[in-house]
Amino acid sequence: MNKFSPDNCHENALRNMKPLLKFDESAPFEPWRAAVKEKLTELLGDMPQRVPLNLQIEWEKEHDTFIEKRIVFDSEEDTSVPCHLWIPKNAKLPCPVIICLQGHSSGMHISMGRTIYPGDAVGGDRDFAVQIVNEGYAALVLEQRAFGERYTEKSLVSEDAPDLRKEQMKLRTSCFYPSLNALLLGRTLIGERVWDVSRAIDAIEQIPELDSDRVACMGNSGGGTATYYAACMDERIKIAIPSCAVCTFIESIGIKRHCSCNYIPNIAKYFDMGELAACIAPRKLIVVSGEQDDGFYIKGARDAYSVIEKIYDKAGCPDNCKQVIGPLGHRFYAEPTWDVFAEMSGWKE
């Protein structure tokens, strides 16, 4: 390593960090949990002002096994969120719904198993909506800020790229400009994504086919990160399934380059990702990890989950968390995750 690089001091500081709100099994649990939630709320930044949802169904289409609706709602002033809602035809209504958050990719169409652009990666069990309706649940596929239909050309490294969208996805920089601009406003992009998920649950409460008391959230990679933080902040999420995202900072975003939207100012001073599960317990949590994940290393994933296990035990609900480890890399693992989900949720009709 270059001895003049700032990486030396940064990474060593992360390795030796003693977070101020690190989990301590011998300390009183509830005051600590409250302190973690209060600090996370602060670190995620200012949240937008609430506006009327203005929920609109743009179109509806019937497929062999499900009904698809294109939905748009307002998240904040000057910001609307496009979604696709899939409702299985054989479901007993109102049915449970799982919010799908596709990670860093060309957009939410990946969650629907659809390819639009060259190089779209729909493998690796990333077709969440297809899996969900096959399991008998409704899927709300949400386009996250800075991805897909919500991208910005201002994040491009090269203004002269001949094919803006292709180059943008190739460089994986679609979150760069909005994440830094959010910081100027006292916000974080991950905080804004959490806000959008909460507003999506507000929308779910207005859709009669959906059971707003049975809401889950899932995603891989950046979608898994948003899932985890959204579950920390919104108690209406009864089950969270973050995939290839929950990991110690030093074994993920602190040891190699990741997209800027993963970073929350000052967070490592107070806690690591494992501690944040205190904001989710006793609600259900399924942490999915890849044995060969080269972005969220398995050692860090195991270390983070060991803290989560202790937190759930301290909260008196040790059976409400589970780690699923797949044999490959940075992807979702439908099997056995859906079996675990069915057992933990009890939502199967």
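Which residue forms a salt bridge with K69? Select E60: the closest N and O atoms of K69 and E60 are 4.0 Å apart. A salt bridge here is a side-chain nitrogen of Lys or Arg within 4 Å of a carboxyl oxygen of Asp or Glu. K69 is buried, at 7% relative accessibility, whereas E60 is exposed, at 52%. Buried means under 20% relative accessible area, exposed over 50%, and partly exposed in between (1.4 Å probe, protein chains only).

Before moving on, note that this is a predicted model, in which local features need pLDDT of at least 70 and side-chain atom pairs count only at pLDDT 80 or more, while totals for chains, interfaces and linings use all residues. Residues are numbered from 1 along each chain as its sequence is written, and side-chain values use heavy atoms, with hydrogens and water left out.

**Stop: helix α2.** Select E30 and R33. Both lie in helix α2, three residues apart, about one turn of the helix. Helices are DSSP runs (H or I, at least four residues), as are strands (E, at least two), numbered from the N terminus. E30 and R33 form a salt bridge, with the closest N and O atoms 3.0 Å apart. E30 is partly exposed, at 46%. R33 is buried, at 16%.

Stop: Select D211 and R214. Their salt bridge has its closest N and O atoms 2.7 Å apart. D211 is buried, at 15%, and R214 is buried too, at 18%. Now select R50, R199, D202, E205, D234 and R236. Salt bridges link these residues in a network. The whole structure holds 24 salt bridges.

**Stop: R145.** Go to the loop between β5 (138–142) and α4 (164–171), where R145 lies. R145 is buried, at 9% relative accessibility.

**Stop: across the chain.** Select E11 in helix α1. E11 is buried, at 11%.
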